[in-house]
Every structure is written in C-alpha cells, then in structure tokens.
Amino acid sequence: MTWFYILSIAGALLLLLLLYREWTRTSTRLRTARCLASVVLMASLLGLCYPIKEAATTATNAGMIVLTEGYSKDSLTAFRKTHADDSLFSVDDTGEGIPVSDWPFFLKNHPAADLHVFGDGLSREQIAALGTRPIQFHPSPQQACITDIYWKQALLQGEQLRVQVRFHNRITTVRLLLRAYGLTKDSATINADADTSFELKTIPLQTGTALYELVTIAGRDTIARESIPITCAKSGTIQLLILSSAPDFDNSYLKNTLAAFGYAVEMVTSLSSGKRERQSLNAAENTKQAPASFNEFDVVLADPAALKNMSTADLANLRSSISENGTGLIIKADTATGQRSFFGAEASFRSIRDTKGGMLFNQADSNRYPLPAGNRIALVPAPGQRTLLADASDNCLALEQQAGRGRIVFTTLLNSFSIALAGNRDAYLQLWSTLLEAAGQRNTHGSWRISPLLARAYEPQFLQWETGGADSMVPVGTVMLAFSKDTRLPGIQHAVYWPEAPGWHATEMSAWYVFPQQAWQQLRSYQQRSATLAYANKFSVITAEDSRIKQKTSSYSQLLFLILFLGAAAFLWMEQKQG
C-alpha cells in the first residue's frame, strides 16, 4: 500500500499541473468542463491502480479446524471436501483430531491460521483467550432444550416451589414434567417451532433436602432428565402470635394448620366474660395474659379490635418490637371497627363488585383461586405500600408497608379457611406463606447466596453470607472455609469453594447441591453455542466465498474506473483538437 500512497501524491501534483494548463489556455471555451474532466481523469487513473488483490489475501492463510463437543460429522465431512488441507484439532474429548490441552498456548503457536470451530462452541474462558481473533463458527443444530432456568433452592415448609423455564423447541410437541418421588406435580406443553417461557409450581410437603426431577418428553421418548435440588426448612423456629378480639374459626384453622407444619403458634382470644383464652402449640406454655415482650415472636397476627383493646403499655411494647426489633405485624382489616390506623400505616377500603376472575398470587400466575366466602372488600394502596395479593380485576386483597425495621401487612381475607375447605389447600398454604414471608421472618444465621445455580464438581462456587461480625471460619464437610468481609459492604462476607464431588454440601447454616459434570448438558451447550456465535458474528473470518464476492465487486469498480478514464481522456483530446 505504500507505493499507492506515493502514486496518489504524484497524481495530485499532476492534477494541479493539468488544471493550471487548462485554466491558462487562450481559449475559454468549455473551461469549467475541461477542469472537471481533468479531475475525473486523475481520479479514475488512481482507482485503476488501487490494489484489488489485497481483499483476497485474508482467505489464503492455512486453516485449522477445531472440534468441540456435539459437532456434526456430516457438516465436518462436507466442509473438508473444500478444505482438505486444514489441520484438525479437538478441545474436547471428541475422539477425533489432535487434542488441545492448553488453549492459550495453542493460539500463541498458530497466530495466523484461520480457525473454524465446529460443535457446541467454546467455553467462556476459551472465548476470552481469543481476544479479538476472528473465527468461523459452524454450530450444530439444537432441536429441543431448556435455554434458561431458575428456582429458589432454599424454601420454608409450606412455601411454593416455582421453577421458571425458558424453552427452545424445533421438533414436535414436547412436554415438561416436574416430578417428585415418582409423582407428577406440574407439567407444561411446548408446541413445535416455539420459544416460550413458563413456570412449573408445587408446594413441597417434606422437610430437609430433596431432589425433584424435570423430565422432557417428546412423543414416547425421554430426551432429558435433570435434577431440581431443594432444601425445605422446618418452620419450628417461626414464632407466631395470634391476637383475636373474639373466637374466630379462621384463626383457629390457621393455628392448627401452621402447627402441623412445625410453626410455634400462640393464640390469645378475648372472651365475652372479659377473660382471655391462651393456647400454645409447638411452644412453651405461657400463663401470662399478655406476652412480656413481643420480641420473642417473629410475626404477630391481629384484628383491629384486638389492637384497639390492648393496654397502652402493651401497644407501646408492640410498636417498639416492630420498629426496633423487626417483628412483623399482619392486620386482618375490615371497615366495621373504624380503627384503621396503626403505627402510621393507613388502610383504605372499597367494595368489590367483580369477583369472577378469582385470586392471583402474582401477575405472572396463570392459576385463578376462588376468593374466600363473603369477601367483598378490597384495599386501596397508598404511596409507600406494595400490593401482595390481588384478584384478576386488580382488586388489592393484601398489601405491605415498611414500619421502622419491621413491616406491617394488611389483608381483607377474613375467611381464608374456605379456600382450603373448598379443596384448594395448596392455594391456602401459598396464601399464608406469602403473608408471613412479607411480614418478616427472622434468620439468626443471616442470608445466604450461592452461585452459580448449576455449579458442578471441580468448579468454583461463590458463597455470600450477609451477616455482621468478624471474618468467619465455617466448616464445609472436612474443609474449613474462610470467609472475608466485603471491602465496600462490611455486613457481607465472601468465600470461594471448590467441591471435589457431586451431591449435597452443607454448613450449619445452609445446604446446597453440586451437580455431576454431565448434568444440564443441553442447557450448557445452548449457552456455550450462543456465546460463541455472538463472538463469531463480531469477529468473523473472511472466507473464500466472501473474498470471491469482494473480488467480483472490485472487478465491477475497475470497469467503471476504466470507462470514466477513457471518457475523460477522449473529451480532453477532442476539445484540444478543436481549440
């Protein structure tokens, strides 16, 4: 290209000379046209001299074929018919080609070779090692697979398991089954040629660790079977206090249901004689008429009349427990008592007209659950309040508001037991799980986060522990894991754990599952293929076909320059003869 720059400078000087001669000629006939023709003459001459062969040089380098897991042998055979001289390598255990054990070293030793990658593509680390080096990717077709998935692994007893799935299907109709202990808990159908998102839901009945299954079926064939690990903690550490202004079957039904799941429940009921009845389930019996401190409870459930009838000292005690200790309060609100204010939280009401749509737990929920019998009251959320439960007509049935360190929840579902008695026990459990979780539950061990969700053996796992205190040493099996404080957020500690075997791994505070190497292979292949394809689109090798197209385009350009050159030269020659 250096000689072309020199030629361009020389052409510019020659053009100036031609323009000077044309402008200073005695004849002024067609002077402007002669100057324009001179410019076209020199520009077309330089265009004819431009090195058109340079575009093809990229495709003349020796190529290298890199095989990854899942490559198509038919695609490889067809490609090698036109690239027989390309060397064959393998970064995975494909059984074909020269194995590549050190990918960065391989790239360093072959800096100029064109890379043609076949199969599921390169890992994140291998793509990072490429830098900006171009590659040509030949992906294998993906027929049907899960492309993204998430679920909450650590649940409380009675809490709903929600498996959020995104599915890519290019074959016939496919069914996904969520199974537990040989029973199908939920299912979804994905039509052919569809990319769709959906949820599979169930409420685990067991406690401790469990492995659910996600089974993909096409016709009579099972094309994938993957594990869904969960931990379901007993709710015995949850201390619930129910304050009732009068005997209430809804409170009694809730007390017995939660106690059956291990909740420690204490219920205080005001009787017509002015006395109080106290019942304790899964908790030490307390003979006092009112608790000495509400701090011993995680959640207090009360109706407005019960709050109104509390003594000044007890009311101050409850307010202090909510604002300073984080105790949650659930108020079963109605419009009859006129007592609508507590701790600055206001509940406004309106009548419900349309109840045909049923109750929703969130906007993405496709199920509709019947409203409790006689429920004709809705809440009107105010600024700072968040809707927890609503019906299909957007009538708010429960909302929450922050109150100091605690939260206050209002609900108008006064006869929720009718949902369970109508045969919708799962909906009843999910209803109260939502309200109790929103009101707040204490966690003496702090909050745990473990990533990635689908971690495998011999791969790093990142543990985050949200707790105050000094750096900690936590035993994980036979290993003492060292946690260190986050430099920016002192309340958070981090650690990296390298599991040596698949299965359950646990500390005193949490348990999580490590998958074997072959687990979730279709999902990993899809994500790896997508990442490699995105890189290849950004840094693409110029193929021989691309070079032929560029050469063809350049040939047309050369022909155009030749026509312009001859036309300009003929015009100047003829005008010179006539002048």
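Leaving out neighbours within four places in sequence, Ser433 is in contact with Gly158 and Glu159, where contact means heavy atoms within 4.5 Å. This is a predicted model, so to speak of local features a pLDDT of at least 70 is needed, side-chain atom pairs count only at pLDDT 80 or more, and totals for chains, interfaces and linings use all residues. Residues are numbered from 1 along each chain as its sequence is written, and side-chain values use heavy atoms, with hydrogens and water left out.

Back to Ser433, then. Its place is in helix H10; helices (H or I, at least four residues) and strands (E, at least two) are DSSP runs, numbered from the N terminus. With a relative accessible area of 12%, Ser433 is buried, given that buried means under 20% relative accessible area, exposed over 50%, and partly exposed in between (1.4 Å probe, protein chains only). Ser433 and Gln160 sit 273 residues apart in sequence, yet their C-alpha atoms are 8.0 Å apart in space.

Glu159 turns up again among the salt bridges. A salt bridge here is a side-chain nitrogen of Lys or Arg within 4 Å of a carboxyl oxygen of Asp or Glu, and by this rule the count comes to twelve. Glu159 pairs with Lys152, with 2.9 Å between the closest N and O atoms. Glu159 counts as buried because its relative accessibility is 9%, while Lys152, at 36%, is partly exposed. Lys152 also makes a salt bridge with Glu437, at 3.8 Å from N to O. That pair ties together distant parts of the chain: Lys152 is in the loop between S6 and strand S7 (154–156), Glu437 is in helix H10, and 285 residues separate them. Glu437 is partly exposed, with a relative accessible area of 39%. Put together, Lys152, Glu159 and Glu437 are linked in a network of salt bridges.

Another salt bridge joins the side chains of Lys332 and Asp250, at 2.6 Å from N to O. This pair, too, links distant parts of the chain, with Lys332 in strand S18 (residues 328–332) and Asp250 in helix H6, 82 residues apart. Both Lys332 and Asp250 are buried.

Now for the nonpolar cores. A nonpolar core is a set of buried Ala, Val, Leu, Ile, Met, Phe, Trp, Tyr and Cys residues joined through side-chain atoms within 4.5 Å. The largest has 34 residues, and those touching the most other members are Leu240, Ile330, Leu389, Tyr428, Trp432 and Leu435. Elements that each supply at least two residues of this core include strand S14 (239–244), helix H6 (249–260), strand S24 (385–391) and helix H10 (425–439). H10 gives the most, with nine residues. A second, separate core holds 30 residues, among them Ile146, Leu155, Val163 and Ile190.

Two helices can be checked against their expected span, which is 1.5 Å times one less than the number of residues. Helix H8 (residues 312–325) has 14 residues and should span 20 Å, which agrees with the 19 Å between its end C-alpha atoms. Its buried residues are Asp314, Leu315, Asn317, Leu318, Ser321, Ile322 and Ser323. Just after H8, Gly326 takes a positive phi of about 85°. Helix H11 (residues 521–538), with 18 residues, reaches 26 Å from its first C-alpha to its last, close to the 26 Å expected. The buried residues of H11 are Leu523, Arg524, Ser525, Arg529, Thr532, Tyr535 and Ala536. Their cover includes helix H5 (124–130), strand S5 (135–139) and strand S6 (144–150).

On the surface, Leu559, Leu562, Ile563 and Leu566 form a nonpolar patch with about 380 Å² of accessible area together. Patches are made of residues with over 30% relative accessible area and no salt bridge, with like charges joined within 9 Å and nonpolar side chains (Val, Leu, Ile, Met, Phe, Trp, Tyr) within 5 Å. Accessible areas come from the Shrake-Rupley method with a 1.4 Å probe, and for residues only the protein chains shown count as cover. Leu566 lies in helix H12 (residues 544–578).

As for the whole protein chain, it has twelve helices and 34 strands. Buried residues make up 44% of its 579 residues. Among contacts between residues at least 6 apart in sequence, 62% join residues at least 24 apart. The chain exposes about 29,900 Å², and carbon and sulfur atoms supply 55% of that.
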